[in-house]
Amino acid sequence: MAASDVLVSTQWVADHMNDANVKLVEVDVDTNAYSEGHIPGAIGWNWTSQLQDQVRRDVISKADLEKLLSESGISNDDTIVLYGDNNNWFAAYAFWVLEMYGHRNLKLMDGGRKKWLDENRPITKDVPTPAKTSYKASEPNAELRAKREQVLASIGKQGVAMVDVRSPAEFSGEILAPPGLQETAQRGGHIPGAANVPWAQAVREDGTFKSPEELKALYQAKGVTPDKEIIAYCRIGERSSHTWFVLKHLLGYDKVRNYDGSWTEYGSMVDVPVEKG
């Protein structure tokens with residue numbers, strides 16, 4: 001997909017929000033944000049209870065994804081436009097999950113919830129009650145995801161670049177998680193050999209993505225080049241979904257995986273190498 005196929009502006013959403021085949025979905029870090037006001041017609045998904053398996057630490061199952069989309073009134077041929085707070089952290093995570101399960105028409109609203117609100121565009125507290133559909137998902141595409149075995153096997157391997165998208169303080173081991181976020185690991189630091197390219201460096205002040213030229217310069221300066229297999233990680237997989245989206249869809253890298261186990265898994269494993277500083 002080209003960037004123009006997966007990234008839409010707030011104006012595009014304003015122009016198409018009433019199209020029958022366009023379905024808006026808000027996914028926020030702050031799970032109360034949707035109820036405080038959202039784009040008219042948008043469905044709200046809770047990342048903790050609706051995009052995660054409730055028993056295993058894992059992404060939502062195929063059956064649960066089919067149920068979620070069916071109850072959200074979304075059909076296989078619909079265009080799903082995702083947006084959310086924190087510059088689309090969990091909107092990008094939902095994009096990654098939906099692409100894994102084979103949904104074809106996906107878009108992210110550039111700038112997310114903040115830009116929509118900053119532009120004083122309409123919001124509502126009314127929750128839609130869409131007619132149920134019969135959504136059918138594909139088997140998950142394992143090429144988009146890295147699990148711990150692959151991460152461990154990739155340490156020091158030629159042709160692989162690990163991208164740690166957390167803040168420099170998390171990367172160095174000074175802190176385990178951003179202030180106010182509860183999921184942490186047993187140890188601080190980063191995966192040996194990883195490059196630190198914080199996700200926030202990919203966006204402008206208004207939350208929109210930087211130009212392809214700026215993004216290309218940012219990542220290639222850290223050795224994250226399109227000829228390599230890329231593994232992006234953060235703390236629990238949402239900020240790395242944001243970077244996965246940038247590398248795969250805005251820069252067109254072929255081989256990009258999101259390690260959603262991320263530092264909360266890696267930093268708690270026994271007998272694995274960790275770097276600090």
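Predicted model: local features only at pLDDT ≥ 70, side-chain atom pairs only at ≥ 80, totals over all residues.
## Ground rules

Local features here need pLDDT of at least 70 and side-chain atom pairs count only at pLDDT 80 or more, while totals for chains, interfaces and linings use all residues. Numbering starts from 1 along each chain as its sequence is written, and side-chain values use heavy atoms, with hydrogens and water left out.

## The sheet

Let's start with the strands. Four of them make an open sheet, ordered E7-E6-E8-E9, with parallel pairing.

Going across, E6 (residues 160-164) is joined to E7 by two bridges, running parallel, and Val163 stands opposite Ala195 in E7. E6 also pairs with E8 in the parallel sense, this time over five bridges; here Ala161 stands opposite Ile230 in E8. Then E8 (residues 229-233) pairs with E9 over four bridges, again parallel, and Tyr233 has Tyr259 in E9 as its bridge partner.

## From E8 to E9

The chain gets from E8 to E9 through helix H10 (residues 239-250), in a right-handed β-α-β crossover. Right-handed means that, with the strands pointing away from the viewer, the path from the first strand over the helix to the second runs clockwise.

E8 is mostly covered, with four of its five residues buried. Buried means under 20% relative accessible area, exposed over 50%, and partly exposed in between (1.4 Å probe, protein chains only). In a regular strand the side chains alternate between the two faces of the sheet. E9 (residues 256-259) has Val256 and Asn258 pointing one way and Arg257 and Tyr259 the other, and all are buried.

Take Leu69: skipping its neighbours within four places in sequence, Leu69 is in contact (heavy atoms within 4.5 Å) with Trp45, Ile74, Ile80, Leu98, Thr133 and Tyr135.

Rings of Phe, Tyr and Trp (its six-membered ring) pair if their centres lie within 6.5 Å; planes under 30 degrees apart count as stacked, over 60 as edge-to-face and the rest as tilted. The count comes to nine aromatic pairs. Tyr93 and Trp96 make a tilted one, 5.6 Å centre to centre with 55° between the planes. Both lie in H5, three residues apart, about one turn of the helix, and both are buried. Together with Trp47 and Phe90, Tyr93 and Trp96 form one aromatic cluster.

## Arginines over rings

A charge sits over a ring if NZ of Lys or CZ of Arg is within 6 Å of the ring centre and within 35 degrees of the ring normal. Arg121 has its charged end over the ring of Trp116, 5.5 Å from the centre.

Arg239, in helix H10, lies over the face of Trp89, at 5.4 Å from the ring centre. Arg239 counts as buried because its relative accessibility is 2%. Beyond neighbours within four places in sequence, its contacts include Val165, Glu170, Trp199 and Cys234.

Technical notes: Pairing = 2+ DSSP bridges.
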